[in-house]
Amino acid sequence: YMAKFPSRGTVEPAILERAAGSEWDHEVRVYLPPSYKLTDKVYPTLWVMDNNLEIAQAALMGDFIGMRVEMIVVAVGAPAEVSGAEFQRRRQYDFLPEKSLMGPSLPLQEGDVGGAEGFRDFLVSQLRPKLAKKYRMDPKGHTYAGHSGGGMFGLYVLFNHPESFAKYIISSPSLYQPWLDMEERWHANNKDLPVEVFISAGEAEMYHPHWSKSQIVSTVALVSERLASRNYPSLTLHSRIFPNDDHLTVLPTAYTWGIEELWVK
């Protein structure tokens, strides 16, 4: 394997894409795996939120020696020059559905949230077909990866439009009640959930003075227990609480082990 292919993949020039009806552009960066330009194969695609391309590349370390699955990575998020406050404002809007679905736990105004359905449509119906014309993506190999707010968006998609992705890496989502309510509605109308899910959190999120308020470990535990108890025939569930990791250090851990569980083992 090492003799045939380059020692690393390549990152394509960044492009800006705007969702229909949105007021801002998303930066989109694409990583092509080491063997991509020397074969005509199709590849699974990892869709990574918050523009975390470098973390995804690190999680794929070893792809050039055949020790990791080779994947196309599509990173979507705010351009680098956007301020930290604006970055948070945009992702909060894109990742969360309308306030009525989030219950009373979020002290937010109506316009602060509500973009999740449009953002899902942007990823799946607008951006994916465009990139699939240019890159050799396996249509059955789309994997979602999101952390924190991106993990919450992953649960929103999972319980409302699970067919959007074949596999989900959901890292440190918070506020369990809205997702349990959505799962309840899904289960009432559907007796299966034909996806593979890796959901995780960091143990230290449980006793950190800030992150503990977000119910992150509880969310992972309660969602995992709910899914395991349903016995959906086509669901494969992996759940992990990583010792010592907090809300920030757990991100590369979660993506590395999510890829391991969903694509390598």
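Is Asp50 buried or exposed in this predicted model? At 13% relative accessibility, Asp50 counts as buried, where buried means under 20% relative accessible area, exposed over 50% and partly exposed in between (1.4 Å probe, protein chains only).

The model is predicted, so local features need pLDDT of at least 70 and side-chain atom pairs count only at pLDDT 80 or more, while totals for chains, interfaces and linings use all residues. Residues are numbered from 1 along each chain as its sequence is written, and side-chain values use heavy atoms, with hydrogens and water left out.

View 1. Most residues other than glycine have a negative phi, and most peptide bonds are trans. Asp50 has a phi near 60°, a positive value in a residue other than glycine. Asp50 is found in the loop between β4 (43-49) and α1 (53-59); helices (H or I, at least four residues) and strands (E, at least two) are DSSP runs, numbered from the N terminus. The phi of Gln215 is also positive and near 60°. Gln215 lies in the loop between β8 (196-202) and α7. Gln215 counts as partly exposed because its relative accessibility is 27%.

**View 2. Helices α6 and α7.** The axes of α6 (residues 176-189) and α7 (residues 216-230) come within 9 Å and cross at roughly 15°. That angle makes α6 roughly parallel to α7. Axes are lines fitted to C-alpha atoms, for helices over the stretch in contact, and angles run from 0 to 180 degrees between N-to-C directions. Angles under 35 degrees count as roughly parallel, over 145 as roughly antiparallel, 65 to 115 as roughly perpendicular and the rest as oblique. The crossing of α6 and α7 is right-handed; a crossing is left-handed if the near helix is turned anticlockwise from the far one by less than a right angle, and right-handed if clockwise. On the α6 side, Tyr176, Trp179, Leu180, Glu183, Glu184 and His187 meet Ser218, Thr219, Leu222, Val223, Arg226, Leu227 and Arg230 of α7, contact meaning heavy atoms within 4.5 Å. By class, the contact of α6 with α7 has 6 nonpolar, 3 polar and 4 charged residues. Here Ala, Val, Leu, Ile, Met, Phe, Trp, Tyr, Cys and Pro count as nonpolar, Asp, Glu, Lys and Arg as charged, and the others, Gly among them, as polar.

**View 3. Arg230 of α7.** Arg230 lies in helix α7. Not counting residues up to four places away in sequence, Arg230 touches Glu183, Glu184 and His187. The C-alpha atoms of Arg230 and Leu248 are separated by 31 Å, with the two residues 18 apart along the chain.

View 4. The axes of α4 (residues 116-134) and α5 (residues 149-160) come within 11 Å and cross at roughly 80°. The two helices are therefore roughly perpendicular to each other. Ala116, Glu117, Phe119, Arg120 and Leu123 of α4 make the contact with Phe153, Tyr156 and Val157 of α5. The residues of this contact divide into 6 nonpolar, no polar and 2 charged. For α2 and α5, the axes come within 9 Å and cross at roughly 15°. The helices α2 and α5 are therefore roughly parallel to each other, and their crossing is left-handed. This contact is made by Arg91, Asp94 and Phe95 of α2 and Gly149, Gly150 and Phe153 of α5. It divides into 2 nonpolar, 2 polar and 2 charged residues.

**View 5. Aromatic rings.** A pair of aromatic rings is described by the distance of the centres and the angle of the planes. The structure holds 12 aromatic pairs. Rings of Phe, Tyr and Trp (its six-membered ring) pair if their centres lie within 6.5 Å; planes under 30 degrees apart count as stacked, over 60 as edge-to-face and the rest as tilted. Trp24 and Tyr93 form an edge-to-face pair, 6.0 Å centre to centre with 85° between the planes. The pair links distant parts of the chain, 69 residues apart: Trp24 is in the loop between β2 (15-17) and β3 (26-32), and Tyr93 is in helix α2 (residues 84-95). Trp24 counts as buried at 6% relative accessibility, whereas Tyr93 counts as partly exposed at 30%. One aromatic cluster is formed by Phe95, Phe119, Phe122, Tyr144, Phe153, Tyr156, Phe165 and Tyr168.

**View 6. His142 in strand β6.** His142 is placed in strand β6 (residues 137-147). With a relative accessible area of 5%, His142 is buried. His142 touches Thr45, Trp47, Arg128, Met137, Phe165, Ala166 and Lys167, not counting residues up to four places away in sequence. The C-alpha atoms of His142 and Val124, 18 residues apart along the chain, are separated by 9.9 Å.
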